[in-house]
Amino acid sequence: MRNALIIGGGLAGTAAAIDLACAGHASLLLERESAPHDKICGEFLSGEAVAALVALGVDPVAHGAVPITRVRINAGRRHVAAQLPFPALSLTRRVLDEALLARAARAGVAVQRGVSVRGLSGSIAHTSAGDISAPTVMLASGKHDIRGHARPPGPDQIGFKMYLRSASLSRALSGTVAVTFFDGGYAGLQPVEGGRLNLCLLVDGAQYRELGDWSALWARLAREPGLAALADAEQLLPRPLAISRVPYGHLARAATDGQWRLGDQAAVIPSFCGDGMGIALTSGRLAAEMAAAGASADDFQPALFARTRRPVRLAMAALALARHPAGRWAAMAGLGAVPGALALLARATRVADPHALAPA
Ligand SMILES: Cc1cc2nc3c(=O)[nH]c(=O)nc-3n(C[C@H](O)[C@H](O)[C@H](O)COP(=O)(O)OP(=O)(O)OC[C@H]3O[C@@H](n4cnc5c(N)ncnc54)[C@H](O)[C@@H]3O)c2cc1C
């Protein structure tokens with residue numbers, strides 16, 4: 001394979017760069033952020049994501065990851081809970097992304113921080129540091145689109161993230177990821193390292209605008225039975241991180257302009273599944289494997305689509321059900337009545353066959 005230019009140093013970009021380097025191929029990775037920073041993400045690492053990270057040479061536990069063994073779903077006054085069918089972890093993206101970037105640099109990847117790609121013309125990237133051209137261009141800019149190469153806009157929803165401290169919530173949610181569905185959105189809450197909790201949520205834009213601001217939304221959330229303990233929790237960020245119009249359900253079927261699309265640029269699974277990071281890592285590893293074998297973007301994109309379409313479409317169907325009060329009621333009744341149904345749903349929304357990839 002000829003040299004690769006990788007745009008974005010999140011999970012997908014670093015996974016591709018590390019595996020390419022381990023296979024003896026040089027790459028240049030551009031990351032627009034120059035220093036560690038918080039990212040909007042629930043920070044739930046599925047079993048597949050954990051396995052991929054370990055294979056890449058980054059052990060999340062050594063970086064302080066917290067074990068997550070149970071899932072709890074709340075809707076109104078109902079709840080169902082189950083053991084997860086895989087060992088999961090949670091680790092802040094501030095720590096995880098830096099560990100991956102450091103691993104890439106150690107593997108021999110040329111990592112340039114603080115360089116932003118502003119546009120792309122075929123194999124030429126127009127960057128804040130001038131034009132850079134490479135025979136293979138991998139687009140791994142995640143939630144952020146490159147001008148002229150945007151994914152279709154998502155629905156009018158806003159995602160928020162806040163870190164919390166609450167002794168009672170930490171006790172109640174030890175080892176547990178809790179997902180609460182409510183009218184107009186859902187929220188995920190789980191412990192992360194440092195005795196904190198991560199609250200990540202998605203809410204309809206119209207509902208948020210009607211509420212007016214974050215403190216009104218916070219008060220609204222605390223009225224949900226599954227989130228009542230928020231009322232006494234300390235918010236640890238000066239303001240929440242926010243993102244709007246995430247294109248959930250997006251799937252890139254074919255390559256455009258010869259560029260390889262990885263991670264969220266290729267497939268966006270609803271956040272409540274907690275598998276976006278697993279998909280990003282799998283996509284990066286698959287891209288490296290195929291590029292090293294001489295494949296093109298036209299070979300890669302349908303191969304990734306074949307792996308991601310089933311979990312993404314199933315998760316979109318589950319989300320459509322959960323958005324309607326009657327659908328939520330029926331889903332909670334079904335999940336409560338059928339033993340193992342929740343674990344089955346958790347497994348069915350994982351990206352297929354990650355272990356087919358050889359360890360680096
Ligand atoms: C509200 C919410 C909650 C979520 N919760 C979870 C969860 O709990 N578990 C889970 O597995 N997934 C979760 N996800 C999904 C997960 O965050 C993404 O799927 C994952 O981060 C995608 O990885 P990526 O490498 O494609 O992109 P990213 O992680 O977004 O990384 C892209 C990188 O590219 C850089 N970049 C962007 N633009 C440029 C540019 N122009 N030039 C150079 N660099 C650039 C960025 O700075 C960034 O470092 C959640 C998503 C949302 C929105």
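Reader: In what order do the five strands of the open sheet stand?
Author: The model is predicted: local features need pLDDT of at least 70 and side-chain atom pairs count only at pLDDT 80 or more, while totals for chains, interfaces and linings use all residues. Residues are numbered from 1 along each chain as its sequence is written, and side-chain values use heavy atoms, with hydrogens and water left out. Helices (H or I, at least four residues) and strands (E, at least two) are DSSP runs numbered from the N terminus, and two strands pair if DSSP finds at least two bridges between them. On that basis the five strands form an open sheet with parallel pairing, and their order is 6-2-1-10-17.

Reader: Which strands are the edge strands of this sheet?
Author: An edge strand here pairs on one side only. That applies to strand 6 (110-113) and strand 17.

Reader: What is the bridge partner of M138 in strand 17?
Author: Strand 10 (residues 136-139) is joined by four bridges to strand 1 (residues 4-7), the two running parallel, and M138 is the partner of I6 there. Strand 10 also pairs in the parallel sense with strand 17 (residues 260-261), over two bridges. In strand 17, the bridge partner of M138 is W260.

Reader: Are the residues on the two faces of strand 10 buried or exposed?
Author: In a regular strand the side chains alternate between the two faces of the sheet. In strand 10, T136 and M138 lie on one side, and V137 and L139 on the other. Both faces are covered, and, with the cut-offs set at under 20% relative accessible area for buried, over 50% for exposed and partly exposed in between (1.4 Å probe, protein chains only), these four residues are all buried.

Reader: How far apart are the axes of helix 8 and helix 9?
Author: L321, A322 and R323 in helix 8 (residues 297-323) meet P325, G327, R328 and A331 in helix 9. The residues of this contact divide into four nonpolar, one polar and two charged. The two helices pack at an angle of about 115 degrees, and their axes are apart by 5 Å.

Reader: How many of the 10 residues of helix 2 are buried?
Author: The buried residues of helix 2 (residues 47-56) include E48, V50 and L53, and the buried set packs against helix 1, strand 3 (44-45), strand 5, helix 3 (93-107), helix 7 and helix 10. Just after helix 2, G57 takes a positive phi of about 95 degrees. Helix 2 is mostly covered, the number of buried residues being eight.

Reader: How far is G258 from D298 in space, C-alpha to C-alpha?
Author: G258 is in the loop between strand 16 (241-244) and strand 17, and is partly exposed, with a relative accessible area of 46%. G258 and D298 are 40 residues apart in sequence, and their C-alpha to C-alpha separation in space is 7.0 Å.

Key. Axes are lines fitted to C-alpha atoms, for helices over the stretch in contact, and angles run from 0 to 180 degrees between N-to-C directions. Contact means heavy atoms within 4.5 Å. Ala, Val, Leu, Ile, Met, Phe, Trp, Tyr, Cys and Pro count as nonpolar, Asp, Glu, Lys and Arg as charged, and the others, Gly among them, as polar.
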